[in-house]
Amino acid sequence: MILTETEEVVVKETKTIKEDTRPDAIKIENVTVSFKSKSNGLYTAINNISLNVKKGEIVTLIGHSGCGKSTLMNTISGMVSPTSGEVYANGNLVKGPGPDRGIVFQNYSLLPWLSVFQNIYVAVDSALKDLSASEKKDLVEKNLQMVHLWEHRHKLPGHLSGGMKQRVAIARAFAINPKILLLDEPFGALDALTKGSMHIELLKLWNLDNRDKTIVMVTHDIEEAIFLSDRVVVMNDGPAATIKEIVDVPLDRPRNKKSIVHEAGYMDTHDRLLSLLTDKFDINDID
Amino acid sequence: MKKILTLDTLYTILAFFGSLIILGVIWELVAIVTDREIPGPASTWVVFKELIAEPFYDRGPNDKGIGNQLFSSIYRVFLGFGIGSLIAIPMGLAMGSSKFMMRLFNPIVQILRPVSPLAWFPLGLLAFQAAEGATVFIIAITSLWPTLINTSFGVASIPADHKNVGKAFGFSTWKYITKIMLPFALPHMITGLRLAIGVAWLVIVAGEMLSGGVGIGFFVWDSWNGLSLEKILIAILIIGTVGLILDKMFSAVQHAFTWENK
């Protein structure tokens with residue numbers, strides 16, 4: 001345990017030096033979100049959270065169900081307004097949803113009466129009004145090719161498998177070319193094999209884009225969090241959830257799914273996350 | 001699979017004829033019990049053949065062929081149903097999409113909905129100064145409720161997931177209405193229209209009995225005055241058959257617009 005800690009400190013230091021040059025894509029400042037609930041008055045989901053995410057960084061939010069990780073992410077997307085505090089995305093105060101932030105929803109949220117092509121086209125049509133019709137169509141084609149679904153473009157979402165639906169949802173989010181990509185448990189409903197290939201697809205798309213996009217992802221899968229992200233934000237259980245700890249992932253990119261599991265950095269991070277998530281009653285035992 | 005399907009179709013056809021035979025037997029029994037005061041199928045068939053021989057004759061305002069009577073009723077039903085739907089659909093969309101509109105108009109809907117069509121008839125006469133207008137009016141006002149209620153329910157139950165898509169990708173109001181609200185509400189709306197055409201067809205007979213002139217309802221009343229019970233029975237069978245056809249038509253439309261089944 002002691003050894004792990006020293007290693008982590010070293011890694012943290014080298015990382016901070018490397019990251020300093022990148023600007024913040026997302027700044028969350030003292031954000032509290034409370035809801036009015038029918039049964040017991042005011043319910044505070046997340047309490048006074050601050051978090052900065054660098055441009056091009058992949059950060060995952062992890063925690064137990066109902067800990068407010070989705071709420072925190074929704075303050076970035078603008079679907080939820082903070083009760084107090086402020087969120088900045090790409091330097092602008094977040095006042096509502098906007099096409100500079102692409103969202104991939106937990107349950108895909110494709111419109112079932114529109115074909116795969118149309119689902120992406122309406123999004124592009126709304127978000128990128130200045131483009132001509134043919135430019136929009138090209139954009140849809142490019143993104144559908146990217147997720148290998150071009151030949152399925154005429155199908156309705158009801159005819160696709162879960163993995164295919166998720167690829168459509170990802171293509172839709174990428175098509176509007178947002179600077180920030182927000183993924184809410186995007187692979188939660190997929191089987192392990194499909195999930196694995198989706199991880200690689202996602203990183204491929206991120207690479208193709210020169211690793212320029214900032215990605216924030218909500219998950220409760222430790223392996224997924226480590227494989228994909230630069231930092232893992234572990235949250236306390238709600239109500240009034242806060243950040244318990246931010247764990248850096250000391251693994252170089254590109255990462256190989258098969259070989260990283262044998263690396264010391266992977267195993268240490270995995271242990272660390274596991275103990276953070278399981279020993280939720282006594283954090284001092286670990287520290 | 002295909003063999004089972006044809007067997008199933010065969011059973012359906014057999015059952016259909018079976019049910020026709022049951023109806024005929026009951027009818028004949030009723031005729032026997034009432035000592036032929038209510039005519040049986042055989043004598044009704046004779047009158048039916050006479051009626052159908054010249055369905056579109058026109059000998060003055062009170063003497064028209066059965067086809068003329070039927071088509072003028074269908075015309076009135078569609079006119080009243082059309083006017084009712086033109087009111088019901090926008091109202092339903094408005095009530096479904098806004099809680100304020102729902103609260104504002106729902107009490108009116110709940111009070112007026114259970115009113116019998118016949119109670120509206122004098123008001124219609126007063127407003128339109130004509131039986132024709134009054135008939136269309138009562139059809140419109142009684143057939144609009146199912147459409148209104150189903151449409152507003154459809155719009156009100158759009159899942160948050162679909163709404164979020166509109167929010168996340170910055171849909172304009174028009175795009176939201178055309179790409180999310182209407183497609184989602186459409187199956188509900190068509191269910192409402194299907195119920196509404198059924199109501200309209202129920203109301204037409206009563207309306208035309210009051211209004212007179214021409215129409216299948218008037219034909220029933222006129223046959224009663226002429227003591228031709230065969231004609232009344234024929235009219236009842238025609239009314240039932242047309243009602244069934246209208247329902248099947250809307251059921252086909254409903255099926256065509258339900259994306260869940262595709």
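The average pLDDT of chain A is 84, and 90% of the residues score at least 70. One stretch calls for care, namely residues 1–17 of chain A, where pLDDT stays under 50. For this stretch the model has seven contacts beyond four places in sequence. Where pLDDT is low, the predicted coordinates should not be read in detail.

Within chain A, one helix pair can be followed residue by residue. Two packed helices are described by the angle between their axes and the distance between the axes. For helix H3 (residues 116–127) and helix H4 (residues 133–146) of chain A, the angle is about 130° and the axes are 9 Å apart. H3(A) and H4(A) are therefore oblique to each other, and their crossing is right-handed. On the H3(A) side, the residues that meet H4(A) are A:Phe117, A:Ile120, A:Tyr121, A:Val124 and A:Asp125. Their partners in H4(A) are A:Lys136, A:Leu139, A:Val140, A:Asn143 and A:Leu144. By class, this contact is made of seven nonpolar residues, one polar residue and two charged residues.

Leaving aside neighbours within four places in sequence, A:Phe227 is in contact with A:His199, A:Arg255, A:Lys257 and A:Ile260. A:Ile200 is 27 residues away from A:Phe227 along the chain, yet the C-alpha atoms of the two are separated by 9.4 Å.

Some backbone details of chain A also deserve a look. Most residues other than glycine have a negative phi, and most peptide bonds are trans. A:Asn90 has a positive phi of about 50° although it is not a glycine. A:Asn90 sits in the loop that runs between strand S4 (84–89) and strand S5 (92–93) of chain A. With 18 other C-beta atoms within 10 Å, A:Asn90 is partly exposed. A:Asn177, again not a glycine, has a positive phi near 45°. This asparagine, A:Asn177, is found in the loop between helix H5 (162–175) and strand S7 (180–184) of chain A. A:Asn177 is partly exposed, having 16 other C-beta atoms within 10 Å. A cis peptide bond, with omega near -5°, leads from A:Arg253 to A:Pro254. A:Pro254 lies in the loop between strand S10 (243–248) and helix H8 (257–260) of chain A.

Chain B is built from ten helices and zero strands. The C-alpha trace of chain B spans about 75 × 60 × 30 Å along its principal axes. Of the 262 residues of chain B, 34% count as buried. As for contacts in chain B between residues at least 6 apart in sequence, 69% join residues at least 24 apart.

A helix pair in chain B is formed by helix H6 (residues 131–156) and H8(B), whose axes come within 7 Å and cross at roughly 155°. This angle makes H6(B) roughly antiparallel to H8(B). Their crossing is right-handed, and the contact has 20 nonpolar, twelve polar and two charged residues.

Helix H9 (residues 216–225) of chain B holds several buried residues: B:Ile216, B:Gly217, B:Phe218, B:Phe219, B:Val220 and B:Asp222. The elements covering these buried residues of H9(B) include helix H3 (66–97), helix H8 (173–211) and helix H10 (229–256) of chain B. After H9(B) comes B:Leu227, with a positive phi near 55°.

Finally, the two chains meet. Chain A gives 19 residues to the contact and chain B gives 16 residues. Helix H3 (residues 116–127) of chain A supplies four residues, the largest share of the side of chain A that touches chain B. That side of chain A divides into 13 nonpolar, six polar and no charged residues.

Notes:
Residues numbered from 1 in each chain as written. Chains lettered and ligands numbered in written order. Predicted model: local features only at pLDDT ≥ 70, side-chain atom pairs only at ≥ 80, totals over all residues. Contact = placed C-beta atoms within 7 Å. Helix = DSSP H or I, 4+ residues; strand = E, 2+ residues; numbered from the N terminus. Nonpolar A, V, L, I, M, F, W, Y, C, P; charged D, E, K, R; others polar. pLDDT = per-residue confidence, 0-100. Axes fitted to C-alpha atoms, helices over the stretch in contact; angles between N-to-C directions. Parallel < 35°, antiparallel > 145°, perpendicular 65-115°, else oblique. Left-handed = near helix turned anticlockwise from the far one by under 90°. Buried ≥ 20, exposed ≤ 12 C-beta atoms within 10 Å, placed from the backbone.
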